[in-house]
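Hello,

Here is the structure I promised to pass on. My notes on it follow below.

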Amino acid sequence: MNLSNLKPAAGATRNEKRIGRGTGSGRGGTSTRGHKGAKSRSGYSKKSGFEGGQMPLQRRVPKFGFNNINRVEYKGINLDILQTLAEKNGSTTMDASYFVSHGLVSKNAKVKVLGRGEITQALEVHAHAFSKSAIEAIEKAGGKAVTL
């Protein structure tokens, strides 16, 4: 056996159904498109969300609420996480690149330090935003909260 005499298993392949090849073929005339209507025309393509003229779902469902286009999305990091990082790595300065390198946030994420947990050593933390309780806890431990 070699590559030149390989064949698919018996019954594994079928001839394609050739349409539009005359009435004798059984698929001539309308060429399996039926009579009239948009789907029988050449160049027909259905719009996404089209439901045959019925009011589409995205227009039936009521819209409500308010989406602020100026909203800034922050990734929250709590004080207890900063404390464990400081203990594990012995670092006293933490900034956005430090958080990225330790897998806490993605490269373009904005960081907000939140106040859950306690901090026991003086840390200099650089972040885009801080909660009031986080600033108090960092400064109480002798550290510095620097807003970027």
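Contact here means heavy atoms within 4.5 Å. On that basis, and leaving aside neighbours within four places in sequence, Arg-60 is in contact with Glu-51, Gln-54 and Met-55. Arg-60 sits in helix H1 (helices are DSSP runs of H or I with at least four residues, numbered from the N terminus). With a relative accessible area of 41%, Arg-60 is partly exposed; buried means under 20%, exposed over 50%, and partly exposed in between, using a 1.4 Å probe and protein chains only. Ser-45 is 15 residues from Arg-60 along the chain, and their C-alpha atoms are separated by 23 Å.

A word on the source: this is a predicted model, where local features need pLDDT of at least 70 and side-chain atom pairs count only at pLDDT 80 or more, while totals for chains, interfaces and linings use all residues. Residues are numbered from 1 along each chain as its sequence is written, and side-chain values use heavy atoms, with hydrogens and water left out.

Now the aromatic rings. Searching the whole structure gives 1 aromatic pair (ring centres of Phe, Tyr or Trp, the last by its six-membered ring, within 6.5 Å; planes under 30 degrees apart are stacked, over 60 edge-to-face, the rest tilted). The partners are Tyr-98 and Phe-99, edge-to-face at 6.2 Å centre to centre with 75° between the planes. Tyr-98 counts as buried at 11% relative accessibility, and Phe-99 is buried at 0%.

Finally, Met-1 lies in the segment before helix H1 (57–60) and is exposed, with a relative accessible area of 89%.

Best wishes

Conventions
Helices (H or I, at least four residues) and strands (E, at least two) are DSSP runs, numbered from the N terminus.
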